[in-house]
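Please look over the sequence and the model before reading on.

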Amino acid sequence: MDLKYGASREKPREDAAMQRFRSHRVGQFIHWGLYSLPAGRWEGKDVEFAAEFLPRVAKIPQQRWEALAKDFTLADFDAERWADTAVALGARYMTITTKHHDGFCLWPSAHTDFHMGNTPSGRDVLGELVAAYEARGIDVNFYYSVLDWRHPDWRFTLEDDADSLAFARYLDFAMKQLEELAERYPSVKGFWFDGTWDESVKANGWWTWEVERMLKERIPGVVVNSRLRADDFGARHVDSNGALMGDYESGYERRLPEPWDHGVAERDWEACMTIPQASWGYHQGPWAQATLKHPWDVVDMIAHCTSLGGNFLLNFGPRGDGSMAPAEVGIATKVGEWLSVNGEAIYGCGFAEGWDYPGWGYFTRSATGDVYAVVTRAPVSGRIRLQLPAGMALAGVRLLGSGEHPFKRLADSLFEMVIAGDASTGPLVFALETSALARPSSEKEPNPDVLD
Ligand code: JFZ
């Protein structure tokens, strides 16, 4: 069907900027705003819900929420230290909340008074972050919530002409803010849109199309997530003809595709993940702090995403004083140490066509065709089987961070290794050297799959 505001292409983008984004694989997400100050606690009571939703869940009067701005003093904020945590994690890009659902902006926007420039420090923290991260070679992307709880013209639904008029003014405001971001921070590499699920936005697919067009005109190579987009009929992410809108799919939110769902690898995609069970903004309560993920669980998710051609965006919730939570820095450091040894199986790698999901972890493949076995779920037997694609044999195995590793052949393209990982080193990664099977399937050898 003919769409005016559908996808702009059927196949993944292959320009240099997109290849760069795709090769990153590991990103640092940051949720930071006024909600970082109460950090999930209001009037002495823990509110067991994502901290960035506190004003809604605890029904906080608007003036009291806005009054938090005078306490946002940045007593312990240093953009350089944040950027160091991204380096420690091994992140190649960072995505920061420029404005979340409460409408508070981290940059001094000319289109609202509700921004960091009107807090005691008056600093442009967004500008400081862009400079600090880029100085370390880390790409910066902007998260922007289209949903805005504070703006008087925001509407969830459009019931009458008055709503439509108000919402048109809102969309104009948001467009101006996005133009402002593009103009003030032209080195930004991507935009990550959120809060686009309401009927009001779905009824204005033209606007999401126009935002994508505007950003791409102003910032050559800019990468935009699918969550921005709705088409002529309000279809989101994927248009009414089944083509992906935006440049990559951003629907994997605190969940990952099934590891055997190889069809996912045909598109670019990114999954985002919290460190605690379910809060993006920093939540100080035991509800969140008791559930922090283990670094090896994070590594498992990174390898999982890479094996299906996706990026993994790990979220950090810095605290209200501007400092990073030490527990999150600790996790980042462990993951980064693992990546410094094993990153050749992650960065620039993707789906290994022809290699079935092995159960004990994941296969990944580099741009030059090297295949890796990332063993995140080692069996208690200490043995793993490597089923190679038909016609292939294993010619050598190298344990990353160590050296040659023994293996034996069980049948044609089926091999086995004894592995000895432990919790201190984390998941082991093996680089697999392959060759063509020396001879076709022999009749002399029994087929282990067939029972006599
Ligand atoms: C949204 C926000 O509401 C949340 O605060 C956070 O910023 C997160 C990254 O994005 O939450 C979502 C968005 C989409 C889904 C679930 C939660 N989804 O598609 O399932």
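A polar contact is a pair of N or O atoms within 3.5 Å. This is a predicted model, in which local features need pLDDT of at least 70 and side-chain atom pairs count only at pLDDT 80 or more, while totals for chains, interfaces and linings use all residues. Residues are numbered from 1 along each chain as its sequence is written, and side-chain values use heavy atoms, with hydrogens and water left out.

**Ligand contacts**

- An oxygen atom of the ligand lies 2.6 Å from an N or O atom in the Glu52 side chain, and a polar side-chain atom of His101 is 2.7 Å from a ligand oxygen atom.
- For Glu253, the distance from a polar side-chain atom to an oxygen atom of the ligand is 3.4 Å.
- On its own the ligand has 450 Å² of accessible area, of which the protein covers 75% (Shrake-Rupley method, 1.4 Å probe).

**Ligand surroundings**

- Residues near the ligand (a heavy atom within 4 Å) include Phe29, His31, Tyr143, Asp194, Trp197 and Arg227.

**Overall chain**

- The protein chain has 11 helices and 17 strands, counted as DSSP runs (H or I, at least four residues, for helices; E, at least two, for strands).
- Along its principal axes, the C-alpha trace of the protein chain spans about 80 × 50 × 40 Å.

Conventions. A polar contact is a pair of N or O atoms within 3.5 Å; within protein, one must be able to donate a hydrogen and the other to accept it, and residues adjacent in sequence count only if both atoms are side-chain atoms.
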